[in-house]
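Q: Could you walk me through this model, with the cut-offs spelled out as we go?

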Amino acid sequence: MRATRGILIAVGVLGLVLGAVVLLLKQDPMQIVGVGLWVLAAIVLHDGILSPLVVLVALLVRRAGRRIPFAVLVIVQVGVGLGAILSLLVVPEIYAKTLGVANPTVLPFDYGLRLALSWLVIAALTALACVAYLARIRRSRAGAALPARPASPTSGS
Amino acid sequence: MQRLLSDLRRVVGAPARNPRSAVVLGRLLGIAFLVCFGTGLYSHFLQEPLPWMRFPTQPTQLYQFTQGLHITAGIACFPLILGKLYAVFPELFQTPPLKGVVHLLERASIAIFVGASLVQITIGLLNTYQWYPWPFGFREVHFALSFVIIGSLAIHIGVKLPIISRYWTKNRARMAERADAADVTAADADAPASATDAADAPAFDAKAGVAASRASASGPAAHRPARGLTGRLLRWIDGTPAVAEPGVDRRGFFALIGVATAAVVGLTAGQSFAFLSPVNAFAPRAKDIGPQGVPINRTAAAAQITAEDVGPSWVLSVTNGDRMLGLTRDQLLAMPQSEVDLPISCVEGWSQLAHWKGVRIRDLAAAVGAATGAALTVTSLEKEGGYRIMQMGPEYVSDPTTLVALELNGETLDIDHGYPARIIAPGRPGVLQTKWLTSLEVS
């Protein structure tokens, strides 16, 4: 493992150097500063804004949902997360279209409408999943509450 | 500082934020990165070949596939990288933050890795939207960052190899989690509650796990309660109910990343892969639209092609040293015609299979006495643009499916598709399928 690790790290350093050289050769200093700022901004946006927001939402959901079955909270969070990730990709697309397109075959759809419809579909599927889950636990609780039949005293638990 | 970090680490802790999640998602993300890197390099060298490079012309849809895969895998990286970063987020608050020079370098390499990866997939996506809100060149920086990312990926795997190996399979992960829990129990025998915490969310580093669980087990009693806003915030967080069912929480996390990856891929890959075209809801391009059912990037108007340029006086000049032919469109149409089904495959990932009819380029090269193995310099009428002059290697010149196309899908070529004549060759990026031809020169 030691040799493998050494080789991986050496290859990795070579890659970094190559990337830096390509950048230096192909971009002027102001452009390189621009790249650095973008990399920094990406870290700050993710670690400083997006991730704390996710932590906060998870806390708020748990506080607000004390009386709600935990699995239902999780299902709702999956639905919201899915919509959020889809929006992350599509909202810039909606904006890019407002800037004007080179020709009608570029960004041909009404992405805003489609995103709104997706949220509706996700909301409906999430609700369905919650209902299905609640029905299932109600059934299994009802099953467990039934008195055990004398013929098979060990079953039903 | 130390205390704030361990408080933060405790606060952001969650059942799915553990080494096993990081390994599972890291594997998928690593594969996606390697696919993007390989297909990206292929696309790069197709456009800027080194002198000795020759490329396959069969299967004719190779580039359509590799570049579709490049863009699709890039899109899949969004949910995967968000999931991976979610799993390792508590590591941001590791204590001590720096243990020495090597540790500093390691953390710096991870910062570069994360930042460069996020920028890479973001500018790649925005490029497919043809939106360029950055102060640098897209192609150059996308190319340079690919080496930075693959380099830091190799370093990352090298550094984390022991953890990766410990958590590679489900069984090994379970053993590792039990061992971590035992470590903690042994090291912290008077606080058995912390052992179950550690079992729920094993730490990335057993020693750090012990330290963290000691810190959290001894809890606020061990140090002064935090004052001010931080204190109030921590109390508010501590008053929040704990994750009731860690297993359900973990499954929800993986369900989210799985469904989100399937959704972003499924709803966009139809721009590249025909079988997904019916569910293409969000891709920046769609199949079967545009003049003659084929999408366009550069219109005749954008390339400043005038009606006069392509009027009756248009001729295609074919030269080989002193030998020169000037062919009108009618003369080209009078030559033996070939029909081929070839895709237009854009570097932006979209592609469109189409039916082309025209003159084999090798017949035109032979007409001016070009030797076998000759290459061509192809020039467009467009006034400016990086692809006005295109080099065509001998593998494409000699291929029987490479045409000077005159018709598209059974009709005279639309002016936006390169009327009077354009190139169509197998397995090349769309930017090299030169439109509005003016000359072919044997080189």
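Q: What is the strand order in the open sheet of chain B?
A: This is a predicted model, in which local features need pLDDT of at least 70, side-chain atom pairs count only at pLDDT 80 or more, and totals for chains, interfaces and linings use all residues. Residues are numbered from 1 along each chain as its sequence is written, with chains lettered from A and ligands numbered from 1 in the order in which they are written. The open sheet has 5 strands in the order β2-β1-β10-β5-β6 of chain B, with mixed pairing; strands are DSSP runs of E of at least two residues, helices are runs of H or I of at least four, both numbered from the N terminus, and two strands pair if DSSP finds at least two bridges between them.

Q: Which strands stand at the edges?
A: Those are β2 (323-327) and β6 (389-392) of chain B, and because each has a single partner strand, one side of each is left without a neighbour in the sheet.

Q: And in which sense do β1 and β10 of chain B pair?
A: Strand β1 (residues 316-320) and strand β10 (residues 437-442) of chain B pair in the parallel sense over 3 bridges, and Val318(B) stands opposite Leu440(B) in β10(B).

Q: Switching to the chains, how many residues of chain A are in contact with chain B?
A: 59 residues of chain A are in contact with 67 residues of chain B, where contact means that the C-beta atoms, placed from the backbone, lie within 7 Å. On the side of chain A that touches chain B, α2(A) gives the most, with 17 residues.

Q: Which residues have the most contacts inside the largest nonpolar core?
A: They are Cys77(B), Phe78(B), Ile81(B) and Val264(B), in a core of 76 residues, to which helix α3 (residues 62-88) of chain B gives the largest share, 12 residues. Such a core is a set of buried Ala, Val, Leu, Ile, Met, Phe, Trp, Tyr and Cys residues joined through C-beta atoms within 7 Å, buried meaning that 20 or more other C-beta atoms lie within 10 Å of a residue's own.

Q: What is Val264(B) in contact with?
A: Leaving aside neighbours within four places in sequence, the contacts of Val264(B) include Ile85(A), Leu86(A) and Leu89(A), along with Phe78(B).

Q: Last one: how is chain B divided?
A: Chain B has domain 1 (2-263) and domain 2 (316-442), with bounds from an automatic or database domain assignment. Between them, 19 residues of domain 1 are in contact with 18 residues of domain 2.

Conventions:
Two residues are in contact if their C-beta atoms, placed from the backbone, lie within 7 Å. A residue is buried if 20 or more other C-beta atoms lie within 10 Å of its own, exposed if 12 or fewer, and partly exposed in between; C-beta atoms are placed from the backbone.
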